[in-house]
Structure formats: C-alpha cells, structure tokens
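Please read them with the structure open.

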Amino acid sequence: MAAAPPSYCFVAFPPRAKDGLVVFGKNSARPRDEVQEVVYFSAAAHEQESKVECTYISIDQVPRTHAIMISRPAWLWGAEMGANEHGVCIANEAISTREPAAETEALLGMDLVRLGLERAETAKEALDVIVSLLEEHGQGGNYYEDADSCHSFQSAYLIVDRDEAWVLETVGKYWAAEKVTEGVRCICNRLSLTTKMDAEHPELRSYAQSQGWWTGEDEFNFSEVFSPAEDHLGCCAGKDSLEKQEESITVQTMMNTLRDKASGVCIDSESFLTTASGVSVLPQNRSSPCIHYFTGTPDPSRSIFKPFIFVDDVKLVPKTQSPCFGDDDPAKKEPRFQEKPDRRHELYKAHEWARAVIESDQEQGRKLRSTMLELEKQGLEAMEEILTSSEPLDPAEVGDLFYDCVDTEIKFFK
C-alpha cells in the first residue's frame with residue numbers, strides 16, 4: 001500500500017470563529033475501500049470489575065460511561081472522531097516519529113479517542129484519561145484491515161470542549177500537550193508541538209536524552225527532538241485556508257475547508273480517500289446545545305453533513321451501521337484479516353450511486369450535487385435557528401434529527 005497522505009483536524013475559537021462558537025472539524029484519510037460507520041452509544045452503568053473489549057485487547061471498564069456519537073472504520077472498536085454528551089470532541093491522527101511504532105497489539109489511537117469520550121466530561125479530563133491508559137497499556141497494532149503487512153503508528157490528538165482545546169502528541173508511552181484557547185489550530189500527520197508545552201510525561205526529557213536525541217543543554221523542542229530526520233514542520237495546508245478567511249469562521253467555512261481538494265485537505269488518490277468527515281459546533285454559552293455533523297460517507301465534496309444533538313431519547317440509526325459479524329468477524333479471529341467482508345451500510349450503498357453519477361455525468365452530476373448541498377443547507381438553517389433561539393431546546397424535536405436526515409438522504413438517492 002502507498003504511504004498514507006495527511007489527514008487533518010482543526011479547531012477555531014472566538015473571535016476567529018463566529019458568534020461565540022468553537023468550531024471543530026476533521027477529515028479521515030483512510031484506505032480507499034474502507035467503510036466508516038456513524039454509531040451512537042448511550043450512557044451506561046457497568047458492573048464492578050467488568051472489562052471492555054477494545055480492538056485488540058481488553059481493559060478494565062469504569063463504573064459509568066457517557067453517551068457518545070462516533071465515526072469509525074467499521075472493523076474496529078474505537079473512533080476516528082466523535083463527541084460526547086458533555087460537549088467534548090476528540091479526533092486523532094496517525095504520526096511517524098523517531099521511535100518506531102509498536103506492532104504488538106495494544107490500544108490503537110482510535111481506541112483511545114473512544115475511551116476519552118466515554119470517560120471524560122472536559123477536554124482536560126479526556127487528556128488525563130488518554131495519557132493514563134497509554135502509560136498502563138501502551139499503543140500498538142495494525143491501523144489497517146490488512147493481512148499482508150502491519151501498519152502501526154504513534155498518535156496525535158485534538159481534544160476540544162466549549163472552553164479550550166488540547167493538542168496531545170505521543171511517542172510510545174511518552175507524550176507532550178499544549179493548551180489552546182484562541183485562534184485557529186490544526187493537526188495532521190506530523191508532530192507540531194515545539195517549545196510551548198503545558199503538560200508532558202514526567203520522564204519525557206530524560207528519555208530523549210537517553211536515546212541521544214537531545215543534549216539536555218539546548219532548548220527542548222518536541223518536534224525537533226522526536227520527528228524523523230526526513231520529516232519537517234508545516235504540513236497544515238488547511239490551516240492556511242482557514243486563517244486566510246477574512247470573515248469569522250462558521251460551520252460552513254469549516255465544511256468548505258474539509259471539502260478543499262486543491263489544498264490537499266480533502267484526499268482522493270488511487271489508494272486513499274477521505275472516507276468520512278465531521279464538524280462540531282460548541283457554543284461557549286452553555287444554554288445552547290452543541291451540534292455535531294457527520295457525513296458517514298466518503299469524500300465530503302460529494303457528501304451531506306447531517307446534524308446530531310445529544311438528548312435523552314436519541315433514535316438509533318441502523319442505516320449508518322455496518323453489518324455485525326460477531327465472533328466470526330475476520331478482524332477478531334487470529335490470524336486477523338484473512339478475509340474482507342462487505343461492511344457497507346445502507347447509507348454507504350445509496351451514496352455509491354450518487355458518487356458514480358457525479359463522477360460520470362457532468363450535467364446530471366452538477367444538478368445532483370446542487371440538490372445535495374440544498375438539503376444540507378436546509379439542515380444548517382434549522383440548526384442556526386436552534387442556536388439563535390431564546391427558547392430552550394425541546395428534546396422531543398431533535399431526538400430523531402440524525403435519523404430523519406439519513407432517511408431523507410437515502411430516499412433522495414433512490
């Protein structure tokens with residue numbers, strides 16, 4: 001398989017983001033034929049001493065987990081991106097460092113995204129959850145559903161809530177983190193932390209010295225110390241397109257950025273594709289709900305972002321869930337990945353038709369894309385009304401929101 005292209009995630013804070021909103025966005029660049037599903041899990045209480053089975057290993061469960069909505073490659077347990085009921089959003093990026101990533105099966109970066117969402121009420125709490133699990137269980141294992149070779153990576157995370165974001169970058173069990181509360185921040189598949197670190201592993205610097213990567217005398221620059229020799233800073237092409245916006249950044253600005261193929265933010269290559277995208281709007285005013293948009297389909301330039309809001313009675317959406325193969329899943333049996341089952345969900349199958357039309361028929365494709373964007377616009381306008389309304393949100397009105405949007409999209413494709 002060819003080397004993976006960069007995938008990107010972003011956050012914009014007021015006043016760069018409009019109307020006191022924190023805006024978060026993520027593109028997931030993954031193998032071209034991989035299916036990503038969008039799944040809701042309700043809050044749950046768990047029995048004492050119970051275990052949770054992650055992608056490759058089981059770990060101790062906590063007494064209570066929060067409600068989450070995640071977008072994930074359908075074969076694994078974790079998440080590429082997602083949000084929880086407390087307005088915490090997390091996305092991760094696979095990164096390469098001077099330290100080779102472990103092929104030994106441990107927690108995947110995507111598992112840590114989901115565990116952070118399930119166990120934390122703030123961005124800082126999620127950071128603490130992730131680094132403590134990293135210390136205890138390590139990270140490692142194949143990032144792709146590929147029997148021919150193991151693609152293992154270190155991980156970087158963007159962890160966001162209504163007040164702040166944390167950029168967390170890891171090298172094995174070692175890590176550093178930077179707190180962000182203003183401007184625009186982007187992470188991709190290269191280390192981005194330099195000399196500003198607001199938290200770090202207590203042995204980070206002594207470990208760097210023991211490897212001969214840092215003298216102990218120069219200023220400690222995380223990226224310079226831990227980046228591979230051939231790597232360099234500055235892969236955040238998308239940050240430029242966000243920062244160039246003269247007007248305030250909105251949810252629409254973020255979606256446009258994620259759709260931008262010219263900048264390399266939206267991937268469409270022979271081996272890789274932006275297989276799913278997500279955008280979240282986190283109002284700093286706590287009386288307004290957080291709104292999360294997911295595509296559940298590949299290529300955001302040919303997809304519809306559909307809104308979701310956490311309320312008590314969320315209607316489940318089987319049409320964005322891939323088939324379940326249980327213990328017979330080739331991802332669970334060892335040796336792993338001996339077969340590749342058809343993981344396409346109903347929305348994915350319906351959307352394949354739309355992608356084919358857009359690619360093959362210029363006139364019909366233009367009309368189709370225009371109608372798709374009109375459907376999305378209607379959803380955005382309805383969400384804008386919710387955000388600007390002085391009336392409290394009626395949970396009964398939005399419990400079916402994502403379900404209805406997916407249903408409308410599928411009917412439209414048929």
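1. Start with Ser-288. Beyond its neighbours within four places in sequence, Ser-288 is in contact with Arg-162, Pro-283 and Leu-387. Ser-288 sits in the loop between β16 and β17. Is this residue buried or exposed? Ser-288 has a relative accessible area of 12%, and under 20% counts as buried. Bear in mind throughout that this is a predicted model.

2. Lys-244 belongs to the loop between α5 (237-243) and α6 (251-258). Its relative accessibility is 67%, so Lys-244 counts as exposed.

3. How many residues of strand β16 (residues 272-283) are buried? The count is 12 of 12, so β16 is largely enclosed by the rest of the structure. β16 pairs with strand β17 (residues 291-294) in the antiparallel sense, over four bridges. Within that pairing, Val-279 has Tyr-293 of β17 as its bridge partner.

4. β16 has another partner. Strand β2 (residues 21-31) pairs with β16 over 11 bridges, again antiparallel. Here Pro-31 stands opposite Phe-272 of β16.

5. The open sheet deserves a look. It has eight strands in the order β3-β8-β9-β10-β11-β12-β13-β15, with antiparallel pairing. Which strands stand at the edges? They are β3 and β15 (199-200); each has a single partner strand, so one side of each is left without a neighbour in the sheet. Inside the order, strand β11 (residues 154-160) and strand β12 (residues 165-171) run antiparallel and are joined by five bridges. Ile-159 stands opposite Trp-166 in β12.

6. The structure holds four cavities of 30 Å³ or more. By class, the lining of the largest cavity has six nonpolar, three polar and four charged residues.

7. The second largest cavity holds about 70 Å³ of space. Its lining includes Val-38, Val-39, Tyr-40, Met-69, Phe-308 and Phe-402. Strand β3 (residues 36-41) gives the most to this lining, with three residues. The lining divides into nine nonpolar, two polar and one charged. Lys-315 is among the lining residues.

8. Turn to the open space. What is the volume of the largest pocket? About 490 Å³. The pocket is lined by 22 residues, and Arg-72, Ala-74, Leu-76, Trp-77 and Lys-332 lie nearest its centre. β3 provides the largest share of this lining, three residues. The lining of the largest pocket has 11 nonpolar, four polar and seven charged residues.

9. An α-helix has 3.6 residues a turn, so residues three or four places apart point the same way.

10. Backbone geometry needs a check. Most residues other than glycine have a negative phi, and most peptide bonds are trans. The bond from Pro-14 to Pro-15 is cis, with omega near 5 degrees; Pro-15 is in the loop between β1 (9-12) and β2. Glu-334 and Pro-335 are also joined by a cis peptide bond, with omega about -5 degrees. Pro-335 lies in the loop between β18 (306-308) and α7 (346-360).

11. Last, two aspartates. Asp-19 has a positive phi of about 55 degrees and lies in the loop between β1 and β2. Asp-299 has a positive phi of about 65 degrees and belongs to the loop between β17 and β18. Are they buried or exposed? Asp-19 is exposed, at 54% relative accessible area, whereas Asp-299 is buried, at 1%.

Key. Residues numbered from 1 in each chain as written. Predicted model: local features only at pLDDT ≥ 70, side-chain atom pairs only at ≥ 80, totals over all residues. Heavy atoms only, no water. Buried < 20%, exposed > 50% of the residue type's maximum accessible area, 1.4 Å probe, protein only. Pairing = 2+ DSSP bridges. 1 Å grid on protein atoms, 1.4 Å probe; cavity = no way out; pocket = protein on both sides within 12 Å on 5 of 7 lines; lining within 4 Å. Points joined across faces, edges and corners; volume = space filled by probe spheres on them. Nonpolar A, V, L, I, M, F, W, Y, C, P; charged D, E, K, R; others polar. Contact = heavy atoms within 4.5 Å.
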